[in-house]
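User: I am new to this structure and would like a close look at one part of it. Please start with a single residue and then lead me on to its wider setting.

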Amino acid sequence: MANPSSPIREEIRSIAPYNAGLTLEEVRAKYKVDDIAKLGSNENPLGPSPTLRRLFPDIGELARLYPDPQGRALCTRLAADFGVEDNQVILGNGSEDLIAVICRSVVRPGDTVVTLYPSFPLHEDYTTLMGGKVERISVTAELTVDMDALLDAVSRKPRMLMFSNPMNPVGCWLTPAQLSSVVAALHPETLIVVDEAYAEYAAGEDYPNAVEMLRDSGRNWVVLRTFSKAFGLAGLRIGYGIVSDGSLCDFLNRARTPFNTNAIAQASAVTALDDADHLKRSIELALDERERMKATLDALGYRTAPSKCNFLFVDMRTGATQVAEALLRRGVIVKPWKQPGFESFIRVSIGSRAENDHFLGALKDIGTAG
Ligand SMILES: *Cc1c(COP(=O)(O)O)cnc(C)c1O
């Protein structure tokens with residue numbers, strides 16, 4: 001079995017977990033009292049400005065008190081959904097926060113971190129920030145995952161393997177068989193981090209259930225998820241990680257700020273999990289519109305990468321920055337990709353039908369304008 005303290009830097013091992021005091025819920029449950037004076041955290045008895053209460057009628061107590069530093073209600077819910085223990089869930093101020101937390105905890109100067117390329121830049125940036133070396137596994141000419149190169153890199157025992165599945169910005173993905181071969185090739189001292197920001201869109205037969213696959217692998221692993229994409233809460237900043245082992249999770253918790261997720265975000269995330277219909281509608285809209293967009297782009301002669309996400313990676317066959325600029329003049333925001341080798345690509349999100357038509361109309365307009 002993998003030793004959960006082995007990926008962790010000495011500096012983190014020497015830090016004690018933050019002592020945040022008790023929440024009202026904990027005191028109620030443990031001491032069976034209802035009338036509680038919460039005087040341990042220097043909070044303001046008046047709470048926030050009345051203006052805020054008019055904007056959000058229920059915001060008072062959520063805004064006044066420090067949030068539960070573990071976000072227990074949310075963690076318990078997620079643990080049940082994933083079939084893991086509560087102490088295997090870590091919350092982040094967006095999953096980007098957790099990418100930073102993991103890199104801070106794990107990457108020593110000179111360490112190698114393997115990632116897929118073109119990549120979500122933060123996987124590379126936080127590695128670089130910690131003095132690590134990024135090894136990029138570039139996609140194939142068909143814009144799919146280069147499994148031979150990935151397995152070869154994994155066999156060289158990197159400190160960490162961190163990539164998004166499906167891949168952002170490309171949209172391609174590792175199938176269950178492919179992820180399984182990666183897991184089998186992992187050295188026990190390599191931490192694997194699978195960033196599943198788009199898992200809700202990708203779910204289906206040819207997309208792996210990473211938690212299930214990793215659970216009995218004997219490896220150290222983290223699966224990252226977010227409420228920013230399919231759950232529609234990007235502005236609230238909340239994401240989470242499912243971690244192989246409670247003690248590895250405990251180490252990672254020491255490397256985050258104690259109150260990294262706010263009370264409104266925690267409560268909203270629980271509400272979002274309860275609304276399965278809204279999630280289903282969001283996914284259906286994205287998948288239907290993605291196929292419509294892809295068909296239209298194909299018909300216009302643009303090459304798109306295979307995508308299981310709520311975006312398409314489209315080759316403009318010319319400088320993407322200029323195309324993005326021309327789209328902006330027509331009121332459309334897309335992301336021109338700037339990493340070497342992919343400067344002719346834009347990443348366009350799947351929006352509402354009207355927004356997508358706006359994009360397609362503007363693109364045709366630019367095409368005819370030459
Ligand atoms: C959007 C995205 C994130 C960031 O999500 P937040 O939870 O909003 O921080 C992380 N990873 C990938 C691959 C993403 O595309």
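Analyst: Let's begin with Q266, which sits in helix α13, residues 263-274. Helices here are DSSP runs of H or I with at least four residues, strands are E runs of at least two, and both are numbered from the N terminus. Q266 counts as buried because its relative accessibility is 9%. Buried means under 20% relative accessible area, exposed means over 50%, and partly exposed lies in between, using a 1.4 Å probe and protein chains only. The side chain of Q266 also makes a polar contact, at 2.9 Å, with the side chain of T261. A polar contact is a pair of N or O atoms within 3.5 Å; within protein, one must be able to donate a hydrogen and the other to accept it, and residues adjacent in sequence count only if both atoms are side-chain atoms.

A word on what you are looking at. This is a predicted model, in which local features need pLDDT of at least 70 and side-chain atom pairs count only at pLDDT 80 or more, while totals for chains, interfaces and linings use all residues. Residues are numbered from 1 along each chain as its sequence is written, and side-chain values use heavy atoms, with hydrogens and water left out.

V27 belongs to helix α2, residues 24-31, and is buried, with a relative accessible area of 17%. From V27 to K38 the distance is 9.7 Å, C-alpha to C-alpha, and the two are 11 residues apart in sequence.

Now widen the view. The protein holds 16 helices and 11 strands, and buried residues make up 51% of its 370 residues. The C-alpha atoms fill a box of roughly 70 × 55 × 35 Å along the principal axes.

Among the strands is an open sheet of 4, in the order β8-β9-β11-β10, with antiparallel pairing. The edge strands are β8 (303-304) and β10, and each pairs on one side only. Two strands pair if DSSP finds at least two bridges between them. Strand β11, residues 345-349, is mostly covered, with 4 of its 5 residues buried. Strand β9 (residues 311-315) is joined to β11 by 5 bridges in the antiparallel sense. Across that pairing, L312 stands opposite V348 in β11, and V314 faces I346 in β11. Strand β10, residues 335-336, also runs antiparallel to β11, over 2 bridges. Here P336 has I346 of β11 as its bridge partner.

Finally, look at the ligand. Of the 13 residues around it, D195, Y198, T226, S228 and K229 come nearest; a residue is near a molecule or strand if one of its heavy atoms lies within 4 Å of it. Oxygen atoms of the ligand lie 2.6 Å from a polar side-chain atom of S228, 2.7 Å from an N or O atom in the side chain of N168, and 3.2 Å from a polar side-chain atom of K229. The protein covers 94% of the 390 Å² of accessible area that the ligand has on its own. Accessible areas come from the Shrake-Rupley method with a 1.4 Å probe, and for residues only the protein chains shown count as cover.
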